[in-house]
Amino acid sequence: MPAEDDPFVEVLRQTLDVMAGSGVRALAIGEVADAILRGTQQRPASIELFLLPQHAERAFEDLRARGYRPRGGDRRWRFGLSRSGVEVDLTHRSAGDVYVDDEMLRRSTDREYEQVSVPVASPED
């Protein structure tokens, strides 16, 4: 399926565009980061972005305003949404109380996934 016809790729592109337009730095983690870093051909099941805690609610509201549907979940660590059947998780606290910080943002790299530039957390993070 061409990238422009793939709902997953389109939701990834739209989500990252909204984050950039909102001034929110979000890093891909989970399955998307794994697919990019390992070069696997298997389509990730969801989009998981790691962001600063102070940006989580704003990012959630900006995506909701653009037609993303809220999903349940524990907002103490993650905001969940969906669009076109694709789940999007905005994680602002990881296991062991790990948070995005300036150093993590500096170590991240922009990588290409299906013609979409994706900021990816470094493997050590």
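Contact here means heavy atoms within 4.5 Å. Helices (H or I, at least four residues) and strands (E, at least two) are DSSP runs, numbered from the N terminus. This is a predicted model, in which local features need pLDDT of at least 70, side-chain atom pairs count only at pLDDT 80 or more, and totals for chains, interfaces and linings use all residues. Residues are numbered from 1 along each chain as its sequence is written, and side-chain values use heavy atoms, with hydrogens and water left out.

Select helix 3, residues 53-65. Its buried residues (under 20% relative accessible area, 1.4 Å probe, protein chains only) are H55, A56, A59, F60 and L63. Viewed down the axis of helix 3, these fall within an arc of 140 degrees, so they line one face of the helix; the arc is taken from the directions from the helix axis to the C-beta atoms. Now show what covers them: this includes helix 1 (7-21), strand 2 (46-51), strand 3 (69-71), strand 4 (78-83) and strand 5. Turn to the other side of helix 3, where Q54, E57 and A65 are exposed, meaning over 50% relative accessible area. After helix 3 comes G67, with a positive phi near 100 degrees.

Next, select D89 in strand 5 (residues 86-91). Which side chain does the side chain of D89 meet in a polar contact? The partner is the side chain of R78, at 2.9 Å. A polar contact is a pair of N or O atoms within 3.5 Å; within protein, one must be able to donate a hydrogen and the other to accept it, and residues adjacent in sequence count only if both atoms are side-chain atoms. D89 is buried, at 11% relative accessible area.

Finally, go to S122, in the segment after strand 7 (116-120). S122 is buried, with a relative accessible area of 10%. Leaving out residues up to four places away in sequence, S122 touches R107 and S108.
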